[in-house]
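Hi there,

Here is the structure I promised to pass on. Have a look at it first, and my notes follow below.

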Amino acid sequence: MQQSARERHQALVTGKQTLSDNLAGLRSQQSAALINGTEFAHGADIRALTDDIEALDAAITVASDAADAEEERQRAASNIERRQHDLQQFDGKSERWLTIVAHVEAAVGTAVAGLAELHVLASEMESFALPVSGERVLPSLNHQNIGIRMSERIARKLAPLDPASVGAFGIIRWQPQPGVKEDWVVDERAQLEGLIGHLRRVSEQYIAEQSVIARGD
């Protein structure tokens, strides 16, 4: 396998260290010969090693620059690959974002249509219940009350989006009620049951009265 520029640089550094160790050994021998007044026969070797080390120094500088440049290119290539991957991930998340927004829009549209139908039903039910009950106002069917009840419930459904429990999601505000569990159907049934019971009692009396008339008694 071909060596990298850094590996070639390191090989030159290692080679220089070996030559430097050899040179140090020869110079130690040369010093001992001078001290002892004996002949030293490796002067040429010292000069050759010195020349080789100088040449290696120049080669190491060039190799180091080449290794730095190669590593910079590798980092750039890695940065490109990482950025392309991140962009791809971002694009995927953007598509998921838009899909979720579409689902939320559809869900809110369905909810709004349902709320509008509640108001239509309330008006239809009031047209029967008001004259039968004899009341001027039926709180459970009152449009303002319906709006308050449903809007409070809808707002509380947003509580998971309010980790600080301040009772807010964007411009929507509500009274925080941590730990409160709701069943909308049960709650609305409770709102209607009193009225339904009253209407049945009044209607039973009305039917009884009309039955007497119908029989001609």
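Predicted model: local features only at pLDDT ≥ 70, side-chain atom pairs only at ≥ 80, totals over all residues.

Residues are numbered from 1 along each chain as its sequence is written, and side-chain values use heavy atoms, with hydrogens and water left out.

Helix 1 covers residues 5–36 (helices are DSSP runs of H or I with at least four residues, strands are E runs of at least two, and both are numbered from the N terminus). With 32 residues, helix 1 reaches 46 Å from its first C-alpha to its last, close to the 46 Å expected at 1.5 Å a residue (the expected span is 1.5 Å times one less than the number of residues). Its buried residues are Ala5, His9, Leu19, Leu23, Leu26 and Ala33 (buried is under 20% relative accessible area, exposed over 50%, partly exposed in between, with a 1.4 Å probe and protein chains only). Helix 2 is among what covers them (contact means heavy atoms within 4.5 Å).

Two serines in loops may interest you. Ser140 is found between helix 2 and helix 3, and it counts as buried because its relative accessible area is 7%. Leaving aside residues up to four places away in sequence, Ser140 touches Ile146, Arg149, Gln191, Leu192 and Leu195. Ser165 sits in the loop between helix 3 and strand 1 (168–169). Ser165 is not a glycine, yet has a positive phi of about 55°; at 44% relative accessibility, it is partly exposed.

Now the pockets (on a 1 Å grid over the protein atoms alone, open sets of points where a 1.4 Å probe fits, with protein on both sides within 12 Å along at least five of seven lines; lining residues have an atom within 4 Å of a point). Of its 15 lining residues, Ala107, Val108, Ala111, Ile154 and Leu158 are the closest to its centre. Helix 2 gives the most to this lining, with seven residues. By class, the lining of the largest pocket has 13 nonpolar, two polar and no charged residues.

The second largest pocket has a volume of about 270 Å³.

Best wishes

Key:
Nonpolar A, V, L, I, M, F, W, Y, C, P; charged D, E, K, R; others polar. Points joined across faces, edges and corners; volume = space filled by probe spheres on them.
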